[in-house]
Amino acid sequence: MIRLSAALAATVAVLVAVAILVVAPGAGGAACTSTASSLGVLTSALSGAGTGATICLADGSYGKLALTLSKAAPGVTIRAANPGKATIDGATLTGANLTLADLNITDEIDIMPGSSGITISNNTITGGYLGVNLWTDNV
């Protein structure tokens, strides 16, 4: 019984440590390369974004994102300027090396076939059926 309790305590300690590392929204986020306050500004910022750019979304609602973008690693990050204060109504992502972070998301995120290096980090997803859908060519 003592060995089981010690093993359980060790497992819980590891899970708590992992949860602390994963849950902190906005922790260590890169400085904003540019800030967008509309989908048009976001689209323009993405077209000119260099590898490693961080495009921040100002507080507000942005509708559904449909993004096609391929950049060399580390890619481009789209994040809320203030964690949880920018809302999107889901996203369809196609391409390579794109990160969505610190957003409030009210519908599913679809990652399309052939995409790679897509990261969904520190977001709150409250809608949709599965949350994040990873589509493949083998349907």
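## A first look at the strands, helix and disulfide

At 35% relative accessibility, cysteine 32 counts as partly exposed, a class that lies between buried (under 20% relative accessible area) and exposed (over 50%), using a 1.4 Å probe and protein chains only. Its disulfide partner is cysteine 56, which counts as buried at 0% relative accessibility. This is a predicted model, in which local features need pLDDT of at least 70 and side-chain atom pairs count only at pLDDT 80 or more, while totals for chains, interfaces and linings use all residues. Residues are numbered from 1 along each chain as its sequence is written, and side-chain values use heavy atoms, with hydrogens and water left out. Helices (H or I, at least four residues) and strands (E, at least two) are DSSP runs, numbered from the N terminus.

**The disulfide**

- The structure holds one disulfide, a term used here for a pair of cysteine sulfur atoms within 2.5 Å.
- It joins cysteine 32 to cysteine 56, with an S to S distance of 1.9 Å.
- Cysteine 32 sits in the loop between α1 (2-23) and β1, and cysteine 56 in strand β2, so the pair ties together parts that are 24 residues apart in sequence.
- The torsion about the S-S bond is about -85°, so this disulfide is left-handed.

**Strand β2 and its neighbours**

- Which residues of β2 point one way and which the other? Thr54 and Cys56 point one way, Ile55 and Leu57 point the other way, and all are buried.
- β1 and β2 run parallel and are joined by three bridges; two strands count as paired if DSSP finds at least two bridges between them.

**Helix α2**

- The buried residues of α2 are Leu42, Ala45 and Leu46.
- They cover an arc of only 100° around the axis, which puts them on the same side of α2; the arc is that of the directions from the helix axis to the C-beta atoms.
- An α-helix has 3.6 residues a turn, so residues three or four places apart point the same way.
- The buried residues of α2 pack against β1 (34-36), β2, β4 and β5, where contact means heavy atoms within 4.5 Å.
- On the face turned away from the buried side are the exposed residues Thr43, Ser47 and Gly48.

**The largest nonpolar core**

- A nonpolar core is a set of buried Ala, Val, Leu, Ile, Met, Phe, Trp, Tyr and Cys residues joined through side-chain atoms within 4.5 Å.
- The largest one has 26 residues, and Leu57, Ile88 and Leu100 touch the most other members.
- Two or more residues come from each of α2 (39-48), β2 (54-57), β4 (65-70), β5 (76-80), β6 (86-88), β7 (91-101) and β9 (109-111).
- Which element gives the largest share of this core? That is β7, with four residues.

**Strand β7 and its partners**

- β7 is mostly covered, as nine of its 11 residues are buried.
- With β4, β7 pairs in the parallel sense over six bridges, and leucine 65 stands opposite alanine 91 in β7.
- With β5, the pairing is parallel over four bridges, and isoleucine 78 has leucine 100 in β7 as its bridge partner.
- With β9, the pairing is parallel over three bridges, and alanine 91 stands opposite isoleucine 109.
- With β10 (residues 116-121), β7 runs parallel and is joined by five bridges.

**Threonine 99, a residue to look up**

- Threonine 99 has its place in strand β7 and is buried, with a relative accessible area of 14%.
- Which residue is the bridge partner of threonine 99 in β10? The partner is threonine 119.
- Not counting residues up to four places away in sequence, threonine 99 touches Val76, Thr77, Ile78 and Thr119.
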